Amino acid sequence: MTDDVRPGSIGRGEPLKGARLTVTSKEFTEQLILGAIMGIAFQAAGADVLDRTGIQGSIGSREAVKKGDADAQFEYTGTGWITYLGNSKPIPDPRKQWEAVRAADLKNGLTWLPPSRLDNTYALAMNRANFEKYRTTTLSEVAALSRKDPGAVTLCVEGEFANRADGLPGMEKAYGMSVPAGNVTQMDTGIIYTQVAKGACTYGEVFTTDGRIKSMNLVVMEDDKQFFPHYNATPVVNTAVLKKWPAIAGVIDPVTRKLDNTVAQTLNAKVDVDGQDPHQVALDWMKAEGFVK
């Protein structure tokens with residue numbers, strides 16, 4: 001990374017001067033932005049940063065940090081707990097889930113620093129016209145509507161969500177929801193948002209930090225029984241690297257604490273809706289927040 005940044009509210013005294021750090025991420029929009037944010041923070045603190053963001057799939061970026069091919073990334077607690085550590089049931093309390101992941105992953109040579117409030121989990125959303133018609137605000141109310149008026153609840157979902165235990169089958173079971181198979185249409189993620197916005201289906205599977213929720217004025221249903229896992233974005237650092245450069249934690253922590261779903265939706269929309277470059281979006285935000293100059 002070659003951003004011309006200086007310390008703002010973070011990185012004063014350049015505590016990472018002399019460090020050569022490699023930052024990685026997965027390949028989707030939010031991850032590209034978060035990877036850039038992390039790299040920019042390290043640069044402001046004096047580090048030389050190698051950009052290895054955009055690795056395809058979840059496993060690749062994690063393995064890079066584990067093996068020492070990369071030094072740090074933002075990862076999600078739910079992914080850590082379920083996908084990597086092999087647990088089948090999420091821990092409902094987001095803080096306790098982070099603590100459990102942190103404790104379990106230390107043996108893998110990975111340290112999970114304090115998490116953000118950015119929680120990129122599954123949800124159902126509807127357009128404004130359908131919201132005015134049905135007035136549902138929670139998944140319990142969607143379940144009640146499915147029992148009262150089965151034809152009213154039509155779903156647009158991804159194929160993976162339609163078949164995962166932490167997706168549609170589990171959600172239906174948890175909420176006592178029964179949606180006829182003919183009312184469920186499977187499609188690619190991007191198409192779901194446009195179909196829901198048009199009203200082609202009453203509800204669509206969305207990710208809670210997706211910028212298209214805001215830009216398309218969709219209404220997200222509250223997961224009032226906390227069925228879906230929490231996916232709080234958290235800095236994960238190779239433990240040996242953190243021991244060598246302990247200042248990493250103090251540099252990234254103020255940035256992590258600023259991240260929430262509103263910030264993520266806004267930044268993601270700049271890329272997915274407005275077509276801006278993820279790295280530039282990250283840099284603009286870091287400067288606007290005063291983290292760097």
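Is F227 buried or exposed? F227 counts as buried, at 18% relative accessibility. Buried here means under 20% relative accessible area, exposed means over 50%, and partly exposed is in between, with a 1.4 Å probe and protein chains only.

Before going on, the ground rules. This is a predicted model, numbered from 1 along each chain as its sequence is written, where local features need pLDDT of at least 70, side-chain atom pairs count only at pLDDT 80 or more, and totals for chains, interfaces and linings use all residues. Side-chain values use heavy atoms, with hydrogens and water left out.

Aromatic pairs next. The search of the whole structure finds seven. A pair needs ring centres within 6.5 Å, for Phe, Tyr and Trp, with the six-membered ring used for Trp; planes under 30 degrees apart count as stacked, over 60 as edge-to-face and the rest as tilted. Helices (H or I, at least four residues) and strands (E, at least two) are DSSP runs, numbered from the N terminus.

The charged end of R212 sits over the ring of Y193, 4.3 Å from the ring centre. The criterion is NZ of Lys or CZ of Arg within 6 Å of the ring centre and within 35 degrees of the ring normal.

Now the cores. A nonpolar core is a set of buried Ala, Val, Leu, Ile, Met, Phe, Trp, Tyr and Cys residues joined through side-chain atoms within 4.5 Å. The largest has 45 residues, and those touching the most other members are L16, I37, F42, I248, W285 and M286. Elements giving two or more residues to this core include β1, α1, β3, β10 (233-238), α12 (247-258) and α14 (278-288). Which element gives the largest share of this core? That is α1, with nine residues. Apart from this core lies another, of 24 residues, among them V153, V157, L168 and V179.

Leaving out residues up to four places away in sequence, I37 touches V255, L259, L267, A282, W285 and M286. Contact means heavy atoms within 4.5 Å.

On to the largest pocket, which holds about 700 Å³ of space. Of its 24 lining residues, the closest to the centre are F28, Y76, N120, Y122 and F207. For the method, a 1 Å grid is laid over the protein atoms alone; a pocket is an open set of points where a 1.4 Å probe fits, with protein on both sides within 12 Å along at least five of seven lines, and lining residues have an atom within 4 Å of a point. Grid points are joined across faces, edges and corners, and the volume is the space filled by probe spheres set on the points.

R135, although not a glycine, has a positive phi of about 55 degrees. R135 lies in the loop between α5 (128-134) and α6 (139-148) and is partly exposed at 47%. Q226 also has a positive phi, about 50 degrees, and is not a glycine. Q226 is in the loop between β9 (219-220) and β10, partly exposed at 43%.

G204, in strand β8 (residues 203-207), is buried at 0% relative accessibility. Beyond four places in sequence, G204 touches A123, L124, A125, C156, I192 and V196. R117, in the loop between β4 (110-112) and β5 (122-126), is exposed at 54%.
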